[in-house]
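Colleague: I'm new to this one and would like to learn how to read it. Could you walk me through a few features?

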Amino acid sequence: IKKIRHDMNRIGNELNKLVNRSLDRHVRLAVTGLSRSGKTAFITSLINQLLHVSTNPRLPLFTAVRDGNLLGAKRVPQRDMHVPKFGYDESMGSLLSSPPAWPEPTRDVSQTRLALRYKPQKGPMKLFQETATLYLDIVDYPGEWLLDLPLLDLDFMAWSKQQTKVLKGKRLELAQEWMAIGETFDPFAPADEVLIERISAAFTDYLYKCKAEGGLHWVQPGRFVLPGELAGAPVLQFFPMIWDHNYTEQQLQQADEHSNIGMLKSRYKYYQQHVVKAFYRDHFSKFDRQIILVDCLQPLNAGTESFNDMRQALDQLMQSFKYGRSSLLRRLFSPRIDKVLFAATKSDHVTPEQHPNLVSLLQQLVNEAWQTASFEGIKMDCVSLASIQATEPGFVAHQGSQVPALRGCNLEGESQTIFPGEVPRRLPNESFWQNNGFDFVNFRPLAQQSDEPLPHIRMDKALQYLLGDKLK
Ligand code: GDP
């Protein structure tokens with residue numbers, strides 16, 4: 001009898017293990033946004049908030065924590081061993097240093113895995129288990145990479161035409177050097193790798209300048225400015241053919257493959273297949289949830305061209321979530337993202353009564369594209385948040401009344417109390433740009449205690465939207 005009982009116990013244990021394993025859940029959360037939108041800060045805060053769940057008083061809107069069902073989280077080794085690990089320890093190191101500093105941003109795809117232990121509330125999980133595990137993979141990638149999707153639908157000549165069309169205003173100014181270097185480029189001469197490398201470097205430099213000096217976000221090809229592991233590789237050495245005045249399109253189309261333009265075409269094709277498509281196939285098609293971070297405040301500061309450019313970049317970026325039957329992505333893979341959250345980041349840069357305006361502005365920015373496209377089966381929402389709150393809101397006396405203000409330290413460490421301005425509720429018109437009183441400064445993060453969760457604004461709302469249903 002003892003033996004039978006022993007065996008039964010053993011079988012019971014095995015069965016339990018099996019059930020546990022099959023009931024463990026898994027979710028891949030992708031985090032993206034254009035560079036400096038706040039991805040590194042967001043992921044650092046997300047991991048930090050989850051690692052502190054059992055004692056975290058700062059997550060009232062995340063029901064799994066509020067109701068005590070999320071018991072704890074720990075970091076576990078990731079499964080995709082070829083993807084670099086997100087540098088959480090390094091990021092926390094910067095925030096905890098004295099004086100505190102913002103983490104160094106990552107420039108490539110990176111990943112981290114958390115195991116979340118929770119008490120299931122319904123379904124077969126509740127029946128079989130007291131506790132279950134949700135494995136959360138957080139994947140971070142530059143939003144610039146999504147700007148490349150339309151390249152899959154354009155051949156080299158069509159892309160060159162499109163690039164020629166956008167060369168105006170600030171872009172044209174910034175392109176002068178590159179255009180001058182390529183002026184004598186002969187598309188039909190035998191392929192000259194050294195020359196192509198030189199012109200490509202000038203083209204890449206122009207793209208960098210668009211971002212850094214022009215405050216522009218729509219740069220293509222996206223990998224040229226965020227090459228990750230491809231830095232210096234020939235696949236990132238080509239440029240659009242914009243000096244084709246002397247030749248007909250047909251002549252250029254039919255050029256020999258060993259000519260200069262032949263080499264540009266073949267590198268462009270390689271980029272399409274091995275960089276753009278590979279990202280969608282190896283990463284994007286496996287995401288379950290997506291958060292897109294948007295810094296609406298920097299373009300408001302920078303002016304109308306920058307703002308409109310960001311709008312265009314966001315429109316392009318959203319193409320990746322259009323899964324209508326005939327969409328480019330649906331033709332290539334079957335993507336499975338079912339929820340997208342747009343988040344206006346760094347909301348601690350403006351006073352709290354401006355936060356609803358920030359959300360409304362973001363909604364306007366993304367809604368038009370959202371309304372006209374078919375985003376089959378994908379839910380979408382907008383929030384404003386601060387991943388790591390660096391200011392304290394308050395009031396200051398001004399001409400006899402109390403006006404809202406923010407207090408914080410600027411990057412040089414000087415304490416400041418300011419009212420950065422009003423965020424427009426709707427897409428800004430001419431008069432906004434003419435009377436633009438909007439001006440914010442960058443704040444240094446507040447000093448932190450290592451055993452306390454990072455201060456934030458509405459990270460719990462984002463967590464609830466992205467993970468709430470997975471922890472039931
Ligand atoms: P990434 O390039 O998308 O990874 O952007 P980062 O996370 O590196 O953020 C860029 C910069 O934005 C940081 O260095 C900070 O100066 C600022 N920033 C990011 N998140 C916040 C936030 O929640 N509050 C404030 N005040 N600044 C932030």
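Colleague: At what angle do helix 2 and helix 4 pack?

Modeller: First, a note: this is a predicted model, where local features need pLDDT of at least 70 and side-chain atom pairs pLDDT 80 or more, while totals for chains, interfaces and linings use all residues. Residues are numbered from 1 along each chain as its sequence is written, and side-chain values use heavy atoms, leaving out hydrogens and water. Helices are DSSP runs of H or I, at least four residues, numbered from the N terminus. Axes are lines fitted to C-alpha atoms over the stretch in contact, with angles from 0 to 180 degrees between N-to-C directions. Here, helix 2 (residues 39-51) and helix 4 (residues 88-96) pack at about 95°, axes 10 Å apart. That makes the pair roughly perpendicular (65 to 115 degrees).

Colleague: Which residues of helix 2 and helix 4 meet?

Modeller: Contact means heavy atoms within 4.5 Å. T40, T44, I47, N48 and L51 of helix 2 meet Y88, S91, M92 and L95 of helix 4.

Colleague: Is R267 buried or exposed?

Modeller: Buried means under 20% relative accessible area, exposed over 50%, partly exposed in between (1.4 Å probe, protein chains only). R267 lies in helix 11 and counts as buried, with 9% relative accessibility. Beyond neighbours within four places in sequence, its contacts are E193, I196, P234, V235, Q237 and F238.

Colleague: How many residues does the largest nonpolar core have?

Modeller: Such a core is a set of buried Ala, Val, Leu, Ile, Met, Phe, Trp, Tyr and Cys residues joined through side-chain atoms within 4.5 Å. The largest has 91 residues, and W178, F284, F321 and F342 have the most contacts inside it. Helix 11 (residues 260-282) gives the most, nine residues.

Key. Helices (H or I, at least four residues) and strands (E, at least two) are DSSP runs, numbered from the N terminus. Angles under 35 degrees count as roughly parallel, over 145 as roughly antiparallel, 65 to 115 as roughly perpendicular and the rest as oblique.
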